[in-house]
Amino acid sequence: MSSIVLCSLGNNNANNNDTNNNEEEETFPIPTIYRCRAPIASLDCMEEFQSTNEHLTQGTPQTKEQLLQSLSQQTPLTASNHGPLISRQSSVTPGLRYRNLGKSGLRVSNVGLGTWVTFGSGVKEEQAEEVIQLAYDSGINVFDLSEAYSGVRAELELGRILQRRGWKRSSYIVTTKIYWNTKSDERGLSRKHVIESVQASLARLQLGYIDVVIVHKADPMCPMEEVVRAMNHVISQGWAMYWGTARWTPVEVMEAYTNCRQFNCVTPISEQSEYHMFCREKTELYMPELYNKIGVGLMAWSPLTMGLVSGKLEDGVPLFARSSFKNKYSSFSWTEDETQPANKEGYTWLKERLQPEETRRQQEKLRDISQLADKLGCTVSQLAIAWCLKNESVQCLLLGATSVEQLYESIQSLQLVPKLNTNTMNELERILDNKPIRPPMVSTLALR
């Protein structure tokens, strides 16, 4: 049994010098029931403490002009001209945090780079490389890809950029999607298409493995057992480390988890879901429940698909970014239906689907949000990003950027999150007036 020693208090120097003076000691046993260990700080707290110390020792962060100037002076880093592969340089980005994706051990930055517009048409490869470099130097370690956005160009160009830069493989995370393809006969989640898609992505990316393979939309024509077994095979072969879903309903995610448990397969760790001020129900009502019950995390996408990229509140289509909408949806419709004519470029066809009354209400809300953003000293885009990050359920928020200036402006939104206090959030809720409420449960017995 442990014991505690009580000794007389006095002058330490005198006690040290007087060796002949024997201190009277008393020992008292401590029962086991009262023993306890000191609390251990969480990783998030330690990381925040370390980040704060680095910020204080290294001085203030670089300004926008200094950052862009240093970025333009950098030369591509390769294994040939710089010896061994380099690791990530430590940089301070205020507000950037790393969190576990779902209940897995994979640590992701709280903001990631979605390349749906970075590698879109009209963006040169040199310009896209500068965006990737800025994201990496800022501490962002998640790069999201999909054939649905820009075809195979995104994977090809990102693979070449990673080869030229020579970054350490453990310092970044690549997520890519399957299910979409430029040819309609290759759509689906059959075992054949899943394996062929992953192998083709590996060849284009020039990587040994993909960190997270995202299944983009469930396939109603394919049994769920075949899907989870195919994803388990991909992981067991070492082609991918994890897998997740995108645009799945909570019921489909739960069905996949149940099949994984039944057939002893690897379970999904994340769900990519649309989340912004006018799309809240799934993210705020159902995703926290999926995380608590089965460990599925949340990666939110398209926080700027609100007509806010240019910072102008124009009439017409308020929910979509005009600078990227034409590139993203020139060949695929918003509902991902092949019946949509491919020659309807841009967003003109979407105007027919939007209700005029709904469009008018959203425009009025956006004007009020713009006034609130002016009071906070930020843009509407930055306020929209900070509002998404305020939700603790969002473990990684995917941003889109076509230029380093645009990405830099989005990254500054991280410093706005602490400013969104209770009064500001209540004011936003008053303006939006669309807080989702779970419908009351209806007993089947009452229907008889």
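1. A residue is called buried when its relative accessible area is under 20%, exposed when over 50%, and partly exposed in between, with a 1.4 Å probe and protein chains only. By this rule W387 is buried, since its relative accessible area is 3%. Buried residues make up 47% of the 448 residues in the protein.

2. The model is predicted: local features need pLDDT of at least 70 and side-chain atom pairs count only at pLDDT 80 or more, while totals for chains, interfaces and linings use all residues. Residues are numbered from 1 along each chain as its sequence is written, and side-chain values use heavy atoms, leaving out hydrogens and water.

3. The protein has 16 helices and 12 strands. Both are DSSP runs numbered from the N terminus, helices being H or I of at least four residues and strands E of at least two. Contact here means heavy atoms within 4.5 Å. Among contacts between residues at least 6 apart in sequence, 78% join residues at least 24 apart.

4. A nonpolar core is a set of buried Ala, Val, Leu, Ile, Met, Phe, Trp, Tyr and Cys residues joined through side-chain atoms within 4.5 Å. The largest such core holds 89 residues, and M277, I369, L383 and L397 have the most contacts inside it. Helix 14 (residues 380-389) gives the most to this core, with 8 residues. A second, separate core of 15 residues includes V117, I214, A246 and I269. In soluble globular proteins, nonpolar side chains tend to be buried together.

5. The whole structure contains 2 aromatic pairs. Rings of Phe, Tyr and Trp (its six-membered ring) pair if their centres lie within 6.5 Å; planes under 30 degrees apart count as stacked, over 60 as edge-to-face and the rest as tilted. Y136 and W167 form a stacked pair, 3.8 Å centre to centre with 5° between the planes. Because Y136 lies in helix 4 (residues 125-137) and W167 in the loop between helix 6 (153-165) and strand 7 (173-178), the pair ties together parts that are 31 residues apart in sequence. Y136 is buried at 4% relative accessible area, and W167 is buried at 5%.

6. Y275 and W387 also form a stacked pair, at 5.2 Å centre to centre and 25° between the planes. Y275 belongs to the loop between strand 10 (270-274) and helix 10 (281-294) and W387 to helix 14, so this pair ties together parts 112 residues apart in sequence. Y275 counts as buried, at 2% relative accessibility.

7. S273 is placed in strand 10 and is buried, at 3% relative accessibility. Leaving aside residues up to four places away in sequence, S273 touches K282, T283, L298, M299, A300 and W301.

8. E255 is found in helix 9 and counts as partly exposed, at 39% relative accessibility. Between E255 and E225 there are 9.5 Å in space, C-alpha to C-alpha, although they are 30 residues apart in sequence.
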